[in-house]
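Here are my notes for your first read of this entry. Keep the viewer open and check each point as you go.

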Amino acid sequence: DVPGLDRSPPRTPARAWPVCEVNGRLFVWHHAGGEPPAYEVRRYRDDGAEWTPWQVNTYRVRVAVQDLTENIIDRSHFWTVHDMEAPEDDHQEVVFDGPTMTVDQRIKVTAVAASGFEVHSRTVTNGPGIVAIEVQESGLDMLTYITQTPLDDERTEITIHFSMKALDDPEATAAIAALNDEVTNLQFTQDVPIWEHKVYRERPPLTAVDGPVHEYRRWFRQFYSGWAPTP
């Protein structure tokens, strides 16, 4: 349609993109071969009235989408890159199921207290570019939601959203949200120099504490066009 034109415009095809609105965000499905969406975006914050508004921080980083989510299973880097302490409960379970990777683990955050504050976290990667980190501890219910949009062959736009169930005390809610925002963005920026200078190795020299990298890479292949699983 062309405003003011009294006849149909010349035939000009325009591509339609599958779009959905979930978790207060807009998602566009892109497939190099034009295939329809293969999975749905997982929903969070069902009762939005109980949750604080999203706190949003956006970065543009020279990193591939695959490299960023591989970082989630690299448990040993928590203690060195992020100044965290090893938790008393050294539990980490990684489950690959269809388009979803779930990492269930205990972590100890030293940015909250010098001795560290141990929490249970559940990280769900939905497809190649959506990550939800849920922390439910000591009456707190917090959600860090990370979305990725590739910009070109090297750069990715990464947006970190944070929301939590509001407490009865508004000041306590605001203080906890502000502290979490500070810690999350500090840890993210600590990873950036590594992402932007790392080299991809087809067969990395892995150790027992590097996490299930091979399994992760096999799982991630499904998101590349033209790849099909073999028996």
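Which residue in β7 does T123 stand opposite? It is I133. Keep in mind throughout that this is a predicted model.

1. **The β6–β7 pair.** β6 covers residues 117-126 and is mostly covered: seven of its 10 residues are buried. Its partner β7 takes in residues 130-137. Five bridges join β6 and β7, and the two run antiparallel. They form a hairpin with three residues between the strands. In that hairpin, G127 has a positive phi near 75°.

2. Most residues other than glycine have a negative phi. N23 is not a glycine, yet its phi is positive, at about 55°. Find N23 in the loop between β1 and β2. How accessible is N23, in relative terms? The value is 10%. Buried means under 20%, so N23 counts as buried.

3. **Strand β9 and its neighbours.** β9 spans residues 155-164. Eight of its 10 residues are buried, so the strand is mostly covered. β9 pairs with β3, residues 55-62, through eight bridges. That pairing is antiparallel. Within it, V56 has H161 of β9 as its bridge partner. β9 also pairs with β8, residues 140-150, through nine bridges. β8 and β9 run antiparallel as well. Here T149 stands opposite E157. A hairpin of four residues joins β8 to β9. As you look along any of these strands, remember one rule: in a regular strand, side chains alternate between the two faces of the sheet.

4. How many salt bridges does a search of the whole structure find? It finds eight. One of interest here pairs E157 with R60, with the closest N and O atoms 3.0 Å apart. The pair links distant parts of the chain: E157 lies in β9, R60 lies in β3, and 97 residues separate them. R60 has 54%, which is over 50%, so R60 is exposed.

5. K165 and D141 meet in a salt bridge, at 4.0 Å from N to O. This pair also links distant parts of the chain. K165 sits in the loop between β9 and α3, while D141 is in β8, 24 residues away. K165 is partly exposed, because its relative accessibility is 30%. D141 is buried, because its relative accessible area is 16%. E50 joins in too: E50, D141 and K165 are linked in a network of salt bridges.

6. D6 forms a salt bridge with R7. Their closest N and O atoms are 3.7 Å apart. Buried or exposed? Both D6 and R7 are exposed.

7. N185 belongs to α3, which runs over residues 170-197. N185 is buried, because its relative accessible area is 9%.

8. **A nonpolar surface patch.** Which residues make up the nonpolar patch on the surface? They are W17, V19, L26 and V28. Together they have about 430 Å² of accessible area. W17 is in the segment before β1, residues 19-22. W17 is partly exposed, because its relative accessible area is 40%.

9. **The largest pocket.** This pocket holds about 1,500 Å³ of space. Its lining has 47 residues. Which of them lie nearest the centre? They are V28, H30, Y39, P128 and P150. V28 belongs to the nonpolar patch too. Several elements each supply at least two lining residues: β1, β2, α1, β8 and β9. Of these, β2 covers residues 25-28 and α1 covers residues 65-70.

Methods. Residues are numbered from 1 along each chain as its sequence is written. This is a predicted model: local features need pLDDT of at least 70, side-chain atom pairs count only at pLDDT 80 or more; totals for chains, interfaces and linings use all residues. Side-chain values use heavy atoms; hydrogens and water are left out. Patches are made of residues with over 30% relative accessible area and no salt bridge: like charges are joined within 9 Å, nonpolar side chains (Val, Leu, Ile, Met, Phe, Trp, Tyr) within 5 Å. Accessible areas come from the Shrake-Rupley method with a 1.4 Å probe; for residues, only the protein chains shown count as cover. A salt bridge is a side-chain nitrogen of Lys or Arg within 4 Å of a carboxyl oxygen of Asp or Glu. Buried means under 20% relative accessible area, exposed over 50%, partly exposed in between (1.4 Å probe, protein chains only). Two strands pair if DSSP finds at least two bridges between them. On a 1 Å grid over the protein atoms alone, a cavity is a set of points where a 1.4 Å probe fits but cannot get out, and a pocket is an open set with protein on both sides within 12 Å along at least five of seven lines; lining residues have an atom within 4 Å of a point. Grid points are joined across faces, edges and corners, and a volume is the space filled by probe spheres set on the points.
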